[in-house]
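Subject: Handing over the structure

Hello,

Here is the structure I promised to pass on. Please open it first, then read my notes below.

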Amino acid sequence: MVHYVRSFPLRSPPPAGGIGGANRERLAELHRSFRGPFSVADAAGTLDQDEDTARRLLGYLSRRGWLTRVRRGLYLAVPLDAAQAGEWVEDPWIVAARAFGPAYIGGWSAAEHWSMTEQVFRDVVVVTTRDVRRRHHVLQGQTFLVTRRAEEKVFGLRAVWRRDVRVEVSDPNRTVVDVLDDPSIGGGIRHVTSILREYLGSEHCNEPLLVEYGDRLGNRAVFKRLGWILEVLGLGGPLREACAERRSAGLVKLDPTVEGDGRIVRRWGLRVNVALDERADDW
């Protein structure tokens, strides 16, 4: 898997144009009211306008360079000291929280935040409770990998502040459980193993809470993958025993993102379709 450093290729429109006094006051009110992206309905309520009037105003301010459109119906107020609207991009976490909320930052993005990986990923992983038609979205030149969770499966979050905006991110224990449940948001099982190593050796490690989170999520594949990885690494002790107690019938792939069969490890109910390193031929 190839990973890329973040970049934001954007076309630069002309500098912001002049606007009248009344619209300048409305723009100032939008700046005061919103720290992140806002919708037409949000603006209409703040400006005491109907939505059609607010939509026309936002379109006008966007064309003049005073607002930037994140996507259809969602806008950002451009900082007054920005040279050109197209050269300014909002913090992607803030965009994600507003564009896909209720949502939290998870997967490899959360692992980066908690210093459980040194790998730099281009995409930001977002876990939302909303229905999403596709997994990849591009907003302001930033790619978001979006996956869905049911509301009752949302727990284990921490609030962080990004430019005075509150954003939810999975805590270290929930991050590990999430990437074991879905290795695709952890960069594949090899990178998930690297995240797990860092977690186990860090101040974040809380094995009882990790098991509790796995139970609450309700996917026994988490324990199958975790138990096998711990066995291969010669780690775990009580944690590995807890995984063994939670094994279920059936067979799952070690990494569902990788095609191919691989050998079956029946004691863990795993089809090992990925070797963790070059020395893993006999695992």
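Val177, Leu180 and Asp181 in helix 6 meet Val222, Arg225, Leu226 and Ile229 in helix 9. Contact here means heavy atoms within 4.5 Å. Helices (H or I, at least four residues) and strands (E, at least two) are DSSP runs, numbered from the N terminus. By class, this contact between helix 6 and helix 9 has 5 nonpolar, no polar and 2 charged residues. Ala, Val, Leu, Ile, Met, Phe, Trp, Tyr, Cys and Pro count as nonpolar; Asp, Glu, Lys and Arg count as charged; the others, Gly among them, count as polar.

Some ground rules. This is a predicted model, in which local features need pLDDT of at least 70 and side-chain atom pairs count only at pLDDT 80 or more, while totals for chains, interfaces and linings use all residues. Residues are numbered from 1 along each chain as its sequence is written, and side-chain values use heavy atoms, with hydrogens and water left out.

Back to the helices. Helix 6 covers residues 172–181 and helix 9 covers residues 221–233. Their axes come within 8 Å and cross at roughly 100°. Axes are lines fitted to C-alpha atoms, for helices over the stretch in contact, and angles run from 0 to 180 degrees between N-to-C directions. Helix 6 and helix 9 are therefore roughly perpendicular to each other. (Angles under 35 degrees count as roughly parallel, over 145 as roughly antiparallel, 65 to 115 as roughly perpendicular and the rest as oblique.)

Look at aspartate 181 in helix 6. Is aspartate 181 buried or exposed? Aspartate 181 is buried, at a relative accessible area of 15%. Buried means under 20% relative accessible area, exposed over 50%, and partly exposed in between (1.4 Å probe, protein chains only). Leaving out residues up to four places away in sequence, aspartate 181 touches Arg149, Leu217, Asn219, Val222 and Arg225. A network of salt bridges links Asp181 with Arg149, Arg174 and Asp178. A salt bridge is a side-chain nitrogen of Lys or Arg within 4 Å of a carboxyl oxygen of Asp or Glu.

Helix 9 also packs with helix 8 (residues 207–217), at an angle of about 145° and with the axes 9 Å apart. From helix 8, Leu210, Val211, Gly214, Asp215 and Leu217 take part; from helix 9, Val222, Phe223 and Leu226. That contact has 6 nonpolar, 1 polar and 1 charged residues.

Three strands form an open sheet in the order 10-12-11, with mixed pairing. Two strands pair if DSSP finds at least two bridges between them. Strand 10 (252–253) and strand 11 (263–265) stand at the edges, each with a single partner strand, so one side of each has no neighbour in the sheet. Strand 10 runs parallel to strand 12 (residues 270–272), and 2 bridges join them. Lysine 253 has arginine 271 in strand 12 as its bridge partner. Helix 9 packs on this sheet and touches strand 10, strand 11 and strand 12. The direction of helix 9 makes about 50° with that of strand 12.

There is a hairpin too. Strand 2 (residues 67–71) and strand 3 (residues 74–77) run antiparallel, joined by 4 bridges. Arginine 71 has leucine 74 as its bridge partner. The hairpin has 2 residues between the strands, and glycine 73 takes a positive phi near 85°.

How many salt bridges does the structure hold? It holds 13 salt bridges. Three of them to look up:

- Arginine 32 and glutamate 29 meet at 2.6 Å, N to O. Both lie in helix 1 (residues 21–33), 3 residues apart, about one turn of the helix. Arginine 32 is exposed at 58%, and glutamate 29 is partly exposed at 25%.
- Aspartate 42 and arginine 98 meet at 2.2 Å, N to O. This pair links distant parts of the chain, helix 2 (residues 40–47) and helix 4 (residues 92–100), 56 residues apart.
- Aspartate 131 pairs with arginine 148, the closest N and O atoms being 3.0 Å apart. Aspartate 131 lies in the loop between strand 5 (124–128) and strand 6 (136–139), and arginine 148 in strand 7 (residues 142–148), so the pair ties together parts that are 17 residues apart in sequence.

Best wishes
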